[in-house]
Amino acid sequence: MFQFIFKRIVQLIPILFIVSIITFSLSSFSAGDAARVLAEREYIRPNTKEIELVRVKYGLDKPLPVQYCNWLKKVFKGDFGNSYKNNKPVLGEMIYYFPNTVKLSLGAIIIVICISIPVGIISALKPNSIFDYVGRFFSFFSASVPSFWVGLILLYVLGAKLKFISVLGGRNQGILIPAFTMAFGMCGANIRLMKASITEVLNKGYMQAAKAKGISCIRLYCKHGLKNAILPILTKTGIMFSGFLCGASIIESIFSISGIGKYALDAVITKDVPVIQGYVMLMAVIVVVINLAVDILYSLIDPRIKVQ
Amino acid sequence: MLLEESCMNDKEVLKIENLFVHFGTGSKKEAVNGVSLTVQKGKITALIGESGCGKTTVALAVMGLLGKQDEVKWSKLEICQNMIQNISFRKWQFIRGNKVSMIFQDPLDSLDPLFTVGNQIIEGIRSHQKVSKKQAYNLAVKQLKNLQFEDAERIMKCYPFELSGGMCQRVMIAIAILARPGLLIADEPTTALDVTVQAEILKQIYQMSRNYNMGVLFITHDLGVVAEIADNVYIMHNGKIIEDGNVEKIFNHPVQNYTKALLESIL
């Protein structure tokens, strides 16, 4: 087992290295002239000379590979630089904003699991029943409606009309409604996946053989059925969780949540390169770590993975 | 007459009268059309026919393993003196594995890949016997040793994918006969196996039938196998039984043209 985990961790190092190169290069090319942005912070209407001074001061005159190496050295020490906007360390800012996004994403993932697994199971066990039809309608509806629309409707109904939540955000708003908005779009796909997975497992030979042994209904469906059917869901849930963490910006903006998605979105608008670089690197690490966790969990459930 | 009937019933572990199966797939054709057959205690009864003639469907209907959408009707279905008519899942739970067991065609597909062999055997034992895990483990090891697994303790810890097809089929036989059922349904148990392993599995099914006085419904399309181990034979074609009798009668004096054609195909 330890060998398996060690192998997987070693495989992650080149991935993160490549991501760091892409992150640094893309943000350096696409964010405009960083020296100009920095100079505007230090001088009022900076001239060319002043911009060049700033360029030398921050090492932006050096070739891109040298800049990358200097940046990477700092990143290893946990220093992502200071934000161009408020001159605060990016890491500290990310540590401040990140827990809100984690809370929101965890809430969303719990909602997705609580809705999609039971609905998917019942739809598979009772095909063409009224429950299946309702489940099918809900999955199509949730998959076809954009989450920002659901968010705006909920904000209007629950915030502006019923006054259950604060329209301006803040602590009083709670996490339930934003998390539900985030989860809504994913529920449909997950219900379909759960139903397909259970249906497939129910038709497997080992299910028939287990039934032929005369084992109880609970044992048959929970032990053999659910454990086998949960494997694709586990992978999907891992990907979904990474997606929630990395793509929280819209929901955070709608509900005025101070999360890392909104922080990064603001950084893109203000061309705050260190923040964008820090955010992308953090998200890359998160995706990689979540994938590793899913792989480990998968190998604990399915012994065939360890052998491979 | 009544006494005679009663004596005869004691010997019968399976009695099917007029079994009809209609799949809920929209097809108008009956998959099984009025099949009647009996299997006697300690005897091997072969059900022969080409692929798709309804042999496996008969077995699944007897085990109550057909889907809810499929329409299954019979005049009489009796398994080891248990009349089967509108029975609950709980009653099926008592009959399956206890009175009747089944071995399937593909042994690797019949064992859950996520659980060890030992776990799956013990689960079968504890479903029908009130024994501790330790006692069930000992029973399982003993049964595996009876089936010529010399390193039974190691096999108990193995996952199905770590065993060969023949070993998996022997594990399936172990699971099937643990509760000493009166009837064993073997649905083409050697089809998915190597020729070298086939003989060994057949030998074990034959010995189990004789040692435990167990009736076996042996489903196959291999007449060579039938000649080797069966006592009685039913020939099935297009969902119907077209001929039956003891193995000598069928092989030496077939009546139906289809039976003759089947026999000619192996000569």
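How far apart do the end C-alpha atoms of residues 137-159 of chain A lie, and what percentage of the span is helix and what percentage strand? In this predicted model, in which local features need pLDDT of at least 70, side-chain atom pairs count only at pLDDT 80 or more, and totals for chains, interfaces and linings use all residues, the end C-alpha atoms lie 27 Å apart and the span is 91% helix and 0% strand. Residues are numbered from 1 along each chain as its sequence is written, while chains are lettered from A and ligands numbered from 1 in the order in which they are written.

The span 137-159 is one of the stretches of chain A that an unreviewed UniProt entry lists as "transmembrane region", together with residues 12-31, 104-125, 175-194, 239-260 and 280-301; UniProt positions are given in the numbering used here, feature names are shortened, and such annotations may be inferred rather than shown by experiment. Residues 175-194 of chain A, also in that record, are 95% helix and 0% strand, with end C-alpha atoms 26 Å apart. The secondary structure of chain A as a whole comes to 14 helices and zero strands, where helices (H or I, at least four residues) and strands (E, at least two) are DSSP runs numbered from the N terminus. The C-alpha trace of chain A spans about 85 × 55 × 25 Å along its principal axes. Of the 308 residues in chain A, 32% are buried, a residue being buried if 20 or more other C-beta atoms lie within 10 Å of its own, exposed if 12 or fewer, and partly exposed in between, with C-beta atoms placed from the backbone. Among the contacts in chain A with a separation of 6 or more, 72% are between residues 24 or more positions apart; two residues are in contact if their C-beta atoms, placed from the backbone, lie within 7 Å.

Within chain A, the axes of helix H5 (residues 90-125) and helix H12 (residues 260-269) come within 7 Å and cross at roughly 130 degrees, the axes being lines fitted to C-alpha atoms, for helices over the stretch in contact, and the angles running from 0 to 180 degrees between N-to-C directions. That angle makes H5(A) oblique to H12(A), since angles under 35 degrees count as roughly parallel, over 145 as roughly antiparallel, 65 to 115 as roughly perpendicular and the rest as oblique. From H5(A), residues A:Glu93, A:Met94, A:Tyr97, A:Phe98 and A:Thr101 meet A:Ile260, A:Gly261 and A:Tyr263 in H12(A). By class, this contact has five nonpolar, two polar and one charged residues, where Ala, Val, Leu, Ile, Met, Phe, Trp, Tyr, Cys and Pro count as nonpolar, Asp, Glu, Lys and Arg as charged, and the others, Gly among them, as polar.

In chain B, six strands form an open sheet of mixed pairing in the order E7-E8-E9-E3-E10-E11, two strands being paired if DSSP finds at least two bridges between them. Strands E7 (100-103) and E11 (240-246) of chain B stand at the edges, each with a single partner strand, so one side of each is left without a neighbour in the sheet. The twist averages 15 degrees from one strand to the next. Strand E3 (residues 44-48) of chain B has five of its five residues buried, so this strand is largely enclosed by the rest of the structure; B:Ile44, B:Ala46 and B:Ile48 point one way from E3(B), and B:Thr45 and B:Leu47 the other way. E3(B) pairs in the parallel sense with strand E9 (residues 215-220) of chain B over five bridges, B:Ile44 standing opposite B:Val216, and likewise in the parallel sense with strand E10 (residues 232-237) of chain B over four bridges, where the bridge partner of B:Leu47 is B:Tyr234.

Between the chains, 25 residues of chain B are in contact with 20 residues of chain A. Helix H3 (89-95), E7, helix H4 (107-110) and helix H5 (117-128) of chain B each give two or more residues to the side that touches chain A, the largest share, four residues, coming from H5(B). The residues on this side of chain B divide into 12 nonpolar, eight polar and five charged. B:Asp109, in helix H4 of chain B, touches A:Lys204, A:Gly205 and A:Tyr206, not counting residues up to four places away in sequence, and B:Asp109 is partly exposed, with 17 other C-beta atoms within 10 Å.
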